[in-house]
Amino acid sequence: METNSENGTLRFKKFVVSSMFKRVFAKCKKDNFNKREDTSTVPNQEFCVPLVNAKLGDNGIMFYGRKSEWNTQEMCIDIIQNGAVATGKVYAQPHSVAVLWDAYLIKPIKDVFSEEILLYLTKCIEKITREQFSYDKKATWERVKTCEVTLPVTSDGEPDFDYMVRYIRAIEKLTIADVVKYKDKVIDTSKMLVNSKP
């Protein structure tokens, strides 16, 4: 698939998820894990490892664990496999995380060192998981790994990671510009209200 862009033709190609990503594990080391005693809903010095689970929002994180008790992963992607409203939600996890329940982590097979690439890949995966999976049809790895994800590619058919970085940075700049415009509008309205006579 090709589209035209200012710099020429942009090519896209479908990849089977398992050809681009591998499942990785980050779970509790304790045999006698007790959620009430071994997690906290508030991060602090003791409970500093974010634990992903079936949570919509907050990057899928609702609990925190002790660093010594969890194997962790970073620069990975979290897929929520279960949950009434969260099934198929996908989050980029650039920092160290572990899995509490109803979710799993995947990593690109090729090392990715850019958070922008991770964010781009996350949204590409979420496009397929949110469309194809639900509470009745869980987004398990066995199902997701056989799906196809559409990615931008270079002229030799390899994923175009440079484009992904440029795209995410452009979106960030647009978002910042919109926030600045909104803030300027609020300031102008506030000045007008303060300066108006009753």
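Tutor: Two strands pair if DSSP finds at least two bridges between them. Keep in mind that this is a predicted model.

Student: What makes β4 and β6 a pair?

Tutor: There are 2 bridges joining β4 to strand β6 (residues 61-66). The cut-off is at least two, so they pair. The two strands run antiparallel.

Student: Which residue of β6 stands opposite serine 40?

Tutor: Tyrosine 64 in β6 stands opposite serine 40.

Student: What is the strand order in the open sheet of 4 strands?

Tutor: The order is β4-β6-β5-β9, and the pairing is mixed.

Student: Why do β4 (39-40) and β9 (98-99) stand at the edges?

Tutor: Each has a single partner strand, so one side of each has no neighbour in the sheet.

Student: On to salt bridges. Why is the contact between glutamate 126 and lysine 89 called a salt bridge?

Tutor: Their closest N and O atoms are 3.0 Å apart. The limit is within 4 Å, so the contact qualifies. Glutamate 126 lies in helix α3 (residues 115-132), while lysine 89 sits in the loop between β7 (76-80) and β8 (90-93), so the pair ties together parts that are 37 residues apart in sequence.

Student: Is glutamate 126 buried or exposed, and how do you know?

Tutor: Its relative accessibility is 10%.

Student: What makes glutamate 126 and lysine 123 a salt bridge?

Tutor: The N to O distance is 2.8 Å.

Student: Why is lysine 123 called partly exposed?

Tutor: Lysine 123 has a relative accessible area of 47%. Buried is under 20% and exposed is over 50%, so a value in between is partly exposed.

Student: How do you know that lysine 127 and glutamate 131 meet in a salt bridge?

Tutor: N to O comes to 3.2 Å for this pair. The cut-off is 4 Å, so the contact counts. Lysine 127 and glutamate 131 are 4 residues apart in helix α3, again about one helical turn.

Student: What makes lysine 127 and glutamate 131 exposed?

Tutor: Lysine 127 has 54% relative accessibility. Glutamate 131 has 58%. Exposed means over 50%, so both labels hold.

Student: Which residues do salt bridges with shared partners join into one network?

Tutor: Lys30, Asp38, Glu46, Arg66 and Glu69.

Student: How many salt bridges does the rule give?

Tutor: The count is 12.

Conventions: Residues numbered from 1 in each chain as written. Predicted model: local features only at pLDDT ≥ 70, side-chain atom pairs only at ≥ 80, totals over all residues. Heavy atoms only, no water. Salt bridge = Lys/Arg side-chain N within 4 Å of Asp/Glu carboxyl O. Buried < 20%, exposed > 50% of the residue type's maximum accessible area, 1.4 Å probe, protein only.
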